[in-house]
Amino acid sequence: TTVYTASAADTDDSPYNVQSYTLSAGYGIFEVLPNSGDIILVDSLDYETTTSYSLTITATDGASNSDAMTLTVDVTDVNDNAPSCTTDAWTISTNEGQGTGYDIIVDMGCTDDDGDTISYTISSQTPGAKFSVSAGKLTVDEELDYDDVSTQ
């Protein structure tokens, strides 16, 4: 993918006009095509690793005269990382008679490398179960009764 095309002018006639472009540091991510000045990506950009790159592009003519320019490439963040949780399944015990609003799990240990807000849902639960989830907390919505299986 071409991210930029460097362009230099030289009033000399061939072979003393602009002959080639070089890149002083490409970070293993950028390369310059020496004849066209195209700056291309040769690896993926990752905002979480580096948010900006400063590249120095040098144009050289047939008499070895040169001039350089600086190109700043700012990386835009995209949501490219799924949330990650410390465990895939929980098995917990709680006493019956807990009042409503009681947090059974205070922190589910989920994070998002992009820094995005994580939303939680209960994808399935026993019919009649009285739980809700919000902000990484599993909460009892209705008093639990060990003898009433519909509340477990």
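# Strands, hairpins and selected residues

Thr-76 has a relative accessible area of 65% and therefore counts as exposed, where exposed means over 50% relative accessible area, buried means under 20% and partly exposed lies in between, with a 1.4 Å probe and protein chains only. This is a predicted model, in which local features need pLDDT of at least 70 and side-chain atom pairs count only at pLDDT 80 or more, while totals for chains, interfaces and linings use all residues. Residues are numbered from 1 along each chain as its sequence is written, and side-chain values use heavy atoms, with hydrogens and water left out.

The loop that holds Thr-76 runs between S6 and strand S7 (84–85); strands here are DSSP runs (E, at least two residues), as helices are (H or I, at least four), numbered from the N terminus. Thr-76 and Val-32 are 44 residues apart along the chain, and 21 Å separates their C-alpha atoms.

The peptide bond leading from Ser-14 into Pro-15 is cis, and its omega is near 10°.

**Strands S2, S5 and S6**

Strand S5 (residues 52–61) has pairings with two other strands to describe. With strand S2 (residues 18–23), S5 forms an antiparallel pair of 5 bridges, in which Tyr-21 has Ala-59 of S5 as its bridge partner. With strand S6 (residues 66–74), S5 forms an antiparallel pair of 9 bridges, and in this pair Leu-55 stands opposite Leu-71.

Thr-56 is another residue of strand S5. Its relative accessible area is 27%, which means that Thr-56 is partly exposed. The C-alpha atoms of Thr-56 and Thr-70 lie 4.6 Å apart in space, although 14 residues separate the two in sequence.

The loop between S5 and S6 contains Ser-64, a residue that has a positive phi of about 70° although it is not a glycine. Because its relative accessibility is 60%, Ser-64 counts as exposed.

Ala-135 is located in the loop between S10 and S11, and its phi, near 50°, is a positive value in a residue other than glycine. Ala-135 has a relative accessible area of 62% and is therefore exposed.

Val-133 also figures in a separation that involves Ile-122: their C-alpha atoms are 6.7 Å apart in space, while in sequence the two residues are 11 apart. Ile-122 belongs to the loop between strand S9 (110–111) and strand S10 (131–134), and because its relative accessibility is 32%, this residue counts as partly exposed. Asp-148, in turn, belongs to the segment that follows strand S11 (137–140); with a relative accessibility of 31%, Asp-148 is therefore classed as partly exposed.

**Hairpins and positive phi values**

| Hairpin | Residues between the strands | Residue and phi |
|---|---|---|
| S3 and S4 | 5 residues | Gly-37, near 85° |
| S5 and S6 | 4 residues | Ser-64, near 70° |
| S10 and S11 | 2 residues | Ala-135, near 50° |

Conventions: Two strands pair if DSSP finds at least two bridges between them.
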